[in-house]
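Trainee: Could we go through this one together? I'd like to know what stands behind the labels.

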Amino acid sequence: MIVAGLTGGIASGKSTVAAMFEEAGARLIDADRLARDAVRKGSPAFHDIVAHFGKAVLLGDGEIDRKRLAAVIFNDTAEQRALERIVHPQVKKEVARQLDLIRQQDPEALVVVDIPLLFEAGMDQGLDAIIVVYVPKKVQRERLMARDALAEPEACARIRAQMPIEKKKPLATFVIDNSGSLEHTGAQTLEVYRRLSQQARET
């Protein structure tokens with residue numbers, strides 16, 4: 001089994017590339033989805049978040065208000081780190097559990113683990129490959145403003161909350177440039193898929 005970590009910057013198009021890998025035949029583990037599940041009402045992480053941030057971060061139905069929580073952490077590095085200390089261990093545990101399950105079911109699988117904060121969370125260790133979805137910072141900012149209807153200062157704050165994409169690029173086994181057409185991104189993704197699949201069959 002080959003396990004590749006997929007990351008990038010916010011609004012770099014990582015989810016699009018993840019979907020392309022899955023469509024090509026890779027097994028996909030979505031850490032963002034796991035993080036959402038980890039903080040559902042009643043979970044250990046949920047109680048820790050409410051204890052730390054207060055009930056102001058809850059919606060009317062008692063679930064976490066992700067937008068309100070994001071507004072807090074993207075403007076306060078210490079609060080961002082506090083949230084990461086609560087959520088990241090839960091996500092790591094579930095990723096490990098799912099990897100064990102896939103290993104038992106399909107020893108020749110190519111698994112792509114989609115982790116936005118791969119380097120920031122220290123989850124880049126022990127992987128067979130790291131794939132970085134890249135766009136220049138200017139493109140990243142423009143796409144983020146358009147996607148989330150953010151003003152430029154808000155978009156810049158969210159980009160600054162992550163490790164700069166230019167620093168992620170040299171740490172990658174493969175870089176997929178998503179600043180052009182979808183077809184160009186798709187061709188790069190399929191080539192990476194082909195190479196990693198071949199590696200999975202040979203291990």
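Predicted model: local features only at pLDDT ≥ 70, side-chain atom pairs only at ≥ 80, totals over all residues.

Trainee: What makes residues "meet" here?

Mentor: Contact means heavy atoms within 4.5 Å. The residues of the H4 contact with H5 divide into four nonpolar, two polar and one charged.

Trainee: Why is H4 called oblique to H5?

Mentor: The axes of H4 and H5 cross at roughly 130° and come within 7 Å. Under 35 degrees counts as roughly parallel, over 145 as roughly antiparallel, 65 to 115 as roughly perpendicular, and the rest as oblique. The angle of roughly 130° therefore makes H4 oblique to H5.

Trainee: And what about H2 and H5, at what angle do they pack?

Mentor: Helix H2 (residues 31–38) and helix H5 (residues 77–105) pack at about 120°, with axes 9 Å apart. So H2 is oblique to H5 as well. H2 passes H5 in a right-handed crossing.

Trainee: Which residues of H2 and H5 meet?

Mentor: On the H2 side they are Ala31, Leu34, Ala35 and Ala38, and on the H5 side Val87, Gln90, Val91, Glu94, Val95 and Gln98. That contact divides into seven nonpolar, two polar and one charged.

Trainee: Which residues touch the most other members in the largest nonpolar core?

Mentor: That core has 35 residues, and Ile29, Ile49, Val87, Val95, Leu99, Val111 and Val113 touch the most other members. H5 gives the most to this core, with seven residues. A nonpolar core is a set of buried Ala, Val, Leu, Ile, Met, Phe, Trp, Tyr and Cys residues joined through side-chain atoms within 4.5 Å.

Trainee: What does Ile29 touch?

Mentor: Not counting residues up to four places away in sequence, Ile29 touches Leu34, Val95, Gln98, Leu99, Ile102, Val111, Val112, Val113 and Asp114.

Trainee: Last one: why does Asp30 count as buried?

Mentor: Buried means under 20% relative accessible area (exposed is over 50%, partly exposed in between, with a 1.4 Å probe and protein chains only). Asp30 has 18% relative accessibility, so Asp30 counts as buried. Its place is in strand E2 (residues 27–30).

Key. Residues numbered from 1 in each chain as written. Heavy atoms only, no water. Axes fitted to C-alpha atoms, helices over the stretch in contact; angles between N-to-C directions. Helix = DSSP H or I, 4+ residues; strand = E, 2+ residues; numbered from the N terminus. Left-handed = near helix turned anticlockwise from the far one by under 90°. Nonpolar A, V, L, I, M, F, W, Y, C, P; charged D, E, K, R; others polar.
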